[in-house]
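Take a look at the fold below before reading on.

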Amino acid sequence: MRYDALIVGGSYAGLSGAVQIARSGRPVCVLDSGRPRNRFASHSHGFFGQDRQSPRQMIAQARADLAQYPNVTMLDTLAAQARRDGDAFAVTLASGETLHARKLLLAYGVVDLLPDLPGVAERWGQTVLHCPYCHGTDGRLIRVGALFLASRIRPASDLAEQLGCTFVDGPQGPLIQTDAGKQTSVPGVYAAGDLTPGIGNASMAAADGVLAGASLHQSLIFGPLSALERVASA
């Protein structure tokens, strides 16, 4: 089947983008590996209306809401390859099946590269933290000597490289460059969330996904929106 939009990544950014496209009645497919970046945390803080909720519960509720739209397909699988196919894109799944879509939204996030120190990986997201706004103290006092940790990151997939997207150097690692509408350097390919420059925060990722989804949908309605897209579709 050929979709109007295919979203790689089903966490905050991907699902937020998907619902914008779903609301338009366009056929959209979401691919998700079930491994969100914040899966190690038991609770999330600072998200409007969802304070102290489990990250997985928040994602489960968002998936349930999205599943009510008959034009939405959600597949629990990995995307192995992506390429331009004429005026659209072809994405090959881990199973070998290939899906086609007019537009892509990359929202598969990043992987934290933790220092090789005893106990860090086991405590990541619980008592070894990177964001005081997402996690913060629950009243307990924990005696430590000193602990400062900002992980390096890498994209959770190499699909953007396969497609030829331009990257920029972020403070923690490479990020996908996008314009104000979240389109990458490749016409028709959008990116949102932790993959792109910004603050690594669930609320920001969701907002980023909303912007990317709305921009992608507008391009489906009005056709090529940039000089790059006009060249690509000529």
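## The model

The structure is a predicted model. Keep that in mind throughout.

## Helix α1

Start with α1, which covers residues 12-22. How many of its 11 residues are buried? Nine of them are, so α1 is largely enclosed by the rest of the structure. The buried residues are Tyr 12, Ala 13, Gly 14, Leu 15, Ser 16, Gly 17, Ala 18, Ile 21 and Ala 22.

What covers them? The cover includes the strands β1, β2, β3 and β6. It also includes two helices, α2 and α5. Those two helices come next.

## Helix α2

Helix α2 runs over residues 55-67, which makes 13 residues. From its first C-alpha to its last it reaches 18 Å. That is close to the 18 Å expected at 1.5 Å a residue.

Which residues of α2 are buried? They are Pro 55, Met 58, Ile 59 and Leu 66. Seen down the axis of α2, the buried residues fall within an arc of 95 degrees, so they line one face of the helix. The elements that cover them include α1, β2 (28-32) and β3 (72-76).

## How α1 meets α2

Two packed helices are described by the angle between their axes and the distance between the axes. For α1 and α2, the angle is about 15 degrees. Their axes are 10 Å apart. Are the two helices roughly parallel or roughly antiparallel? Angles under 35 degrees count as roughly parallel, and α1 and α2 are therefore roughly parallel to each other. Their crossing is left-handed.

Now look at the residues in contact. On the α1 side are Tyr 12, Leu 15, Ala 18, Val 19 and Ala 22. They meet Pro 55, Met 58, Ile 59, Ala 62, Arg 63 and Leu 66 of α2. The α2 residues Pro 55, Met 58, Ile 59 and Leu 66 are buried.

## How α1 meets α5

Helix α5 covers residues 202-222. The axes of α1 and α5 come within 7 Å. They cross at roughly 35 degrees. The crossing of this pair is right-handed.

From α1, the contact uses Tyr 12, Ala 13, Ser 16, Gly 17, Gln 20 and Ile 21. From α5, it uses Ala 202, Ala 205, Ala 206, Gly 209, Val 210, Gly 213, Ala 214 and Leu 216. Tyr 12 takes part here, and Tyr 12 also meets α2.

## Helix α5

Helix α5 has 21 residues. It reaches 30 Å from its first C-alpha to its last. This is close to the 30 Å expected at 1.5 Å a residue.

Its buried residues are Ala 202, Ala 205, Ala 206, Asp 208, Gly 209, Ala 212, Gly 213, Ser 215, Leu 216, His 217, Ser 219 and Leu 220. What covers them includes α1, along with the strands β1 (2-8), β6 (98-106) and β11.

One of these residues is Ser 215. Buried means under 20% relative accessible area. At 12% relative accessibility, Ser 215 counts as buried. Ser 215 and Ala 5 are 210 residues apart along the chain. Their C-alpha atoms are separated by 12 Å.

## Buried residues in loops

Where is Ser 54 found? It sits in the loop between β2 and α2. With 19% relative accessibility, Ser 54 counts as buried. Leaving aside neighbours within four places in sequence, Ser 54 is in contact with Ser 42 and His 43. The C-alpha atoms of Ser 54 and Ser 42 are separated by 5.5 Å. Along the chain, these two residues are 12 residues apart.

Lys 182 is in the loop between β10 (174-176) and β11 (189-191). Is this lysine buried or exposed? Lys 182 is buried, with a relative accessible area of 6%. Its phi is near 75 degrees, a positive value in a residue other than glycine.

Gly 119 lies in the loop between β7 (110-113) and α3 (120-123). At 16% relative accessibility, Gly 119 counts as buried. Gly 119 and Gly 25 are 94 residues apart in sequence. In space they are 48 Å apart, C-alpha to C-alpha.

Notes:
Residues are numbered from 1 along each chain as its sequence is written. This is a predicted model: local features need pLDDT of at least 70, side-chain atom pairs count only at pLDDT 80 or more; totals for chains, interfaces and linings use all residues. Side-chain values use heavy atoms; hydrogens and water are left out. Helices (H or I, at least four residues) and strands (E, at least two) are DSSP runs, numbered from the N terminus. The expected span of a helix is 1.5 Å times one less than its number of residues. Buried means under 20% relative accessible area, exposed over 50%, partly exposed in between (1.4 Å probe, protein chains only). The arc is that of the directions from the helix axis to the C-beta atoms. Contact means heavy atoms within 4.5 Å. Axes are lines fitted to C-alpha atoms, for helices over the stretch in contact, and angles run from 0 to 180 degrees between N-to-C directions. Angles under 35 degrees count as roughly parallel, over 145 as roughly antiparallel, 65 to 115 as roughly perpendicular and the rest as oblique. A crossing is left-handed if the near helix is turned anticlockwise from the far one by less than a right angle, and right-handed if clockwise.
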